Amino acid sequence: MELYQLTASELAQMLRNKECSSEEITKSVLNRIKETEDRVGSYVTITEETALEQAKVVDARLAAGEALSPLAGIPISVKDNICTKGIRTTCSSKMLSNFEPPYNATVIEKLSAQEAVIIGKLNMDEFAMGSSCETSYFKKTRNPHSLDHVPGGSSGGSAAAVAAGETILSLGSDTGGSIRLPASYCGVIGLKPTYGSVSRYGLVAFASSLDQIGPFARSVEDISMLYSAICGMDPLDATTARREYPDFQKDLSNADLKGLRIGIPKEYFSDGVSTEVKEKVLAAAKLLEENGAVLKEVSLPSTGYALSAYYVISSAEASSNLARFDGVKYGYRTENYSNLIEMYENTRSEGFGDEVKRRILLGTFVLSSGYYDAYYKRAKLLQKQIQQEFADTFEECDLLLTPTGTDTAFKMGEKTDDPLKMYANDICTVTVNIAGLPAISLPCGEDASGLPIGMQLIAPKFAEQILFNVSRKYETLVGGLNKVAVL
Amino acid sequence: MKIDVQHLAKLSRLHISEEQVAKFEMQMQEILGMVDNLPELSSEDCLIDPQNPMTCRPDIPQNNYKRDDILKNAPQVQAGCVVVPKVIE
């Protein structure tokens, strides 16, 4: 067993028992990257030197007998839309290919305070727009379980790196499924936290009312550790909630499933979902039922409209958020211009890829005069209705269980020319963002060709603890979820 | 419905080539077709989450960044200022 194959909680224990050093852990991960990265392609930037320096700092503190934070000395990699001071943050776009933020995102400040070891920045769909990681300006990340398949997106690098053992933990961001879908495709665990529980300060904005940063890991305890480290109110993000958070690990238990009401929303098991995915997800539900949970069929009737509402709201916000990229203060600037307008237009036309342009155009359209009521306002009203349907459903059950994706990972290039097909991948995940709820994706088996299948647990707002406890129980029942892809 | 992609491109400060116009128009038609199926709902207030009333932090100036650090990312800088083409004719 190599160190890179272990979980953060196991490594943290070994560090404290002096069974290994942070430098050894970090080197094990960096060596794994050297062996596999040319095939997987998770990283945009690798910060080997600073990572090793940070590891040595932790080792020195450990040698001096000082107390360590839970994540001290543990390798973590970060999606490349989260600002890291002095480390290039590109959003996998030509537009930001040379951007070095002068500040850290709040989540990075929190990880630094814990002395986590930042290994590098991870590939993604350009500006987090996509479900396959294929719209990156730099490279296409591959699924570590099958290299001719996509890792899912937009946090494809974050999921692939954890699955490949190229890091222990990672951060991604989720606007419509961008953490959960790649977690499902790559056979790892991914959490989309409650909107407002993790600061978005320093996360390059895509759709501000839906975006949320969240953790990837190979064990439920690791997910709860990383979530504990990053959640909390932040004066620099006015949308973060004022509230106290429990000590998630302290209360992390093998939940007593007896009497736990798990809702199975029938709309999430429609014909659009593959038979194999349905079977495996329902088998997982059955396992929970055999151990005391009560399964209830429930209905969320507006689910079918959620994707439309999502594309209207997210594109509208994106068109507004991405207006800042104009070639003036930072980022790419064209060389071909003779006046200001031409500079704007050529900078943006050369700096953005097609998917980003399509969404900016769509967002501009739905916000334009005469169409605002027909599209944007209708979508916001539907959002309210979806939120109400979830609230009503949580009166009769404690959790919802659904598939994460409609199918397992698809082949690279298979859906790049058809936006509607690509968007349909997100059908089980977007409702959660629209309603601002927390949801976790857990591996629950494989299809006939060995590709991972994911199930999604959805909880009421700020009920992450119940997600962790039930996930932990499931993890125990199936004998663990930590699986590094063989490469 | 006809979507004037070139007009939207102008509003968005983007150039879209003629062959891309046709492709984008078709793809946007499909996406909007999906949106046209949204049900008619009647309601007025839909924007504020009553459970999370946001508050602004006090407006206190803080000296967080050095001018040179901020300007490091600017494409063209002269004498501590960002250089742009002539703005007023």
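Entry 1: I began with A:D407, which counts as partly exposed at 37% relative accessibility. A:D407 sits in the loop between strand 9 (399-403) and helix 13 (419-424) of chain A. Helices (H or I, at least four residues) and strands (E, at least two) are DSSP runs, numbered from the N terminus. On the surface, A:D407 gathers with A:E276, A:E279 and A:E414 in a patch of negative charge. Patches take residues with over 30% relative accessible area and no salt bridge, joining like charges within 9 Å and nonpolar side chains (Val, Leu, Ile, Met, Phe, Trp, Tyr) within 5 Å. Asp and Glu count as negative and Lys and Arg as positive, while His and the chain ends are not counted. The place of a charge is NZ of Lys, CZ of Arg, CG of Asp or CD of Glu.

**Entry 2: ground rules.** I noted that this is a predicted model, where local features need pLDDT of at least 70 and side-chain atom pairs count only at pLDDT 80 or more, while totals for chains, interfaces and linings use all residues. Residues are numbered from 1 along each chain as its sequence is written, chains are lettered from A and ligands numbered from 1 in the order in which they are written, and side-chain values use heavy atoms, leaving out hydrogens and water.

**Entry 3: chain A as a whole.** I found 15 helices and 11 strands in chain A. Its C-alpha atoms fill a box of roughly 65 × 55 × 45 Å along the principal axes. For 487 residues a compact globule would have a radius of gyration near 23 Å, and the 21 Å of chain A agrees with that. The radius is taken over C-alpha atoms, and the globule rule is 2.2 Å times the number of residues to the power 0.38. Of the 487 residues, 66% count as buried.

Entry 4: Which residues does a cis peptide bond join? I found A:G153 and A:S154, with omega about 10°. A:S154 lies in the loop between strand 3 (117-122) and helix 5 (156-164). A:F127 is in the loop between strand 3 and helix 5 as well, and its phi is near 50°, a positive value in a residue other than glycine. A:F127 is buried at 3% relative accessible area. A:K18 is not a glycine either, yet has a positive phi of about 60°. I placed A:K18 in the loop between helix 1 (8-16) and helix 2 (22-40) of chain A, where it is exposed at 56%.

**Entry 5: helix 5 of chain A.** How many of its nine residues are buried? I got nine of nine, so I wrote "mostly covered". Among them are A:G156, A:S158 and A:V162. After the helix comes A:G165, with a positive phi near 75°.

**Entry 6: salt bridges.** I counted a salt bridge when a side-chain nitrogen of Lys or Arg is within 4 Å of a carboxyl oxygen of Asp or Glu. A:E35 and A:R32 form one at 3.9 Å, N to O. They are three residues apart in helix 2 of chain A, which puts about one helical turn between them. A:E35 is partly exposed at 47%, whereas A:R32 is buried at 5%.

A:D237 and A:R200 meet in another at 3.6 Å. Each sits in a loop, and the pair ties together parts 37 residues apart in sequence. Both are buried.

B:K23 bridges to A:D354, with the closest N and O atoms 3.7 Å apart. B:K23 is in helix 2 of chain B and A:D354 in helix 11 (354-367) of chain A, so this pair joins two chains.

**Entry 7: chain B.** I ended with B:V84, B:V87 and B:I88, a nonpolar surface patch with about 290 Å² of accessible area together. Accessible areas come from the Shrake-Rupley method with a 1.4 Å probe, and for residues only the protein chains shown count as cover. B:V84 follows strand 2 (81-82) of chain B and is partly exposed at 32%.

Terms used. Buried < 20%, exposed > 50% of the residue type's maximum accessible area, 1.4 Å probe, protein only.
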